[in-house]
Amino acid sequence: LKNLAHELSGRFHTFLYPLENYTGQDIQKLLPEPYQQLPPSRIALLLDGYDELNSELAKTFRNKIKLYTQEAPAAKIVISSRSNFCGNESYNESRTFSGFYVYALEKLDESDLRVYLKSAEIDVTSFWNCAYAKGVSDLLFNPFYLGRLANI
C-alpha cells in the first residue's frame, strides 16, 4: 500500500491509514485536517489491515465506510485485508463492502525478486542461499515476507 500511495500521489491527495489505530471514529475524521476540506474526488484513502480489527470494531468500521461512501461517492478507497477475513466474496465484487471490488495480490516471481533485491542493493545469490539454508525460501514470493526478510 505504501507503493500504491506513492503511485497515486501524482493524481490524488493520498492518505494511508493503519486500521490497527482505528477506534470507531467516522471515516472523515481519519483524514488529516487539510484533506477534510478537499473534494472527495481528489482523495485516495488507503486503509490498511481490516483483518486487524476485532469483530466489534470491524462491524463499526463497515458501517462507517458505508456512510462515508454514500456521502463521498467520488472518493477512491482501498481497504487491505487477508482474504480469510472477508466473508463470502464473489468473483470480483465484495460482499463485505458493498460497491467495492476484490483484488488479490499474486505471488512474486523470480524476476520480481531479483529486481527488488537489486534495488535494495542486496546480493541476490547470497540472499537466496541464506533464505534456502534457513528454510524460508518459500516465503520470498510473498511481498509481505520478502520486505521483512530483506530488512533482516
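Leucine 1 counts as partly exposed, at 32% relative accessibility; for the cut-offs, buried means under 20% relative accessible area, exposed over 50%, and partly exposed in between, with a 1.4 Å probe and protein chains only. This leucine sits in the segment before helix H1, residues 2-8.

Before I go on, a word on the model. It is a predicted one, with local features needing pLDDT of at least 70 and side-chain atom pairs counted only at pLDDT 80 or more, while totals for chains, interfaces and linings use all residues. Residues are numbered from 1 along each chain as its sequence is written, and side-chain values use heavy atoms, leaving out hydrogens and water.

Back to leucine 1. Together with Leu4 and Leu16, Leu1 makes a nonpolar surface patch of about 190 Å². Patches take residues with over 30% relative accessible area and no salt bridge, joining like charges within 9 Å and nonpolar side chains (Val, Leu, Ile, Met, Phe, Trp, Tyr) within 5 Å. The areas come from the Shrake-Rupley method with a 1.4 Å probe, and for residues only the protein chains shown count as cover.

Now the whole chain. It has 6 helices and 3 strands, in the order α-β-α-β-α-β-α-α-α along the sequence. The C-alpha trace spans about 50 × 35 × 30 Å along its principal axes. Of the 152 residues, 31% count as buried. Contact means heavy atoms within 4.5 Å, and among contacts with a separation of 6 or more, 61% come from residues 24 or more positions apart.

Let's turn to charged side chains. How many salt bridges does the structure hold? There are 2 salt bridges, each defined as a side-chain nitrogen of Lys or Arg within 4 Å of a carboxyl oxygen of Asp or Glu.

One of them joins the side chains of aspartate 26 and lysine 64, at 2.7 Å from N to O. This pair links distant parts of the chain: aspartate 26 is in the loop between S1 and H2, lysine 64 is in helix H3 (residues 55-71), and they are 38 residues apart. Aspartate 26 is partly exposed at 38% relative accessibility, and lysine 64 is partly exposed at 22%.

Arginine 114 and glutamate 110 form a salt bridge too, with their closest N and O atoms 3.7 Å apart. Why are these two about one helical turn apart? Because they are 4 residues apart in helix H4. Arginine 114 is partly exposed at 38%, and glutamate 110 is partly exposed at 47%.

While we're at H4, residues 110-119, look at its N-terminal end: aspartate 109 caps it, with a side-chain oxygen 3.1 Å from the backbone nitrogen of serine 111. Just after H4, glutamate 121 takes a positive phi of about 55°.

Last stop, glutamate 20. Is it buried or exposed? Glutamate 20 is exposed, with a relative accessible area of 56%, and lies in the loop between strand S1 (13-18) and helix H2 (27-30). Leaving aside neighbours within four places in sequence, glutamate 20 is in contact with Asp48 and Glu52. Aspartate 48 is 28 residues from glutamate 20 in sequence, yet their C-alpha atoms are 8.1 Å apart in space.

Note on methods: Polar contact = N/O pair within 3.5 Å; in protein donor to acceptor, adjacent residues only side chain to side chain.
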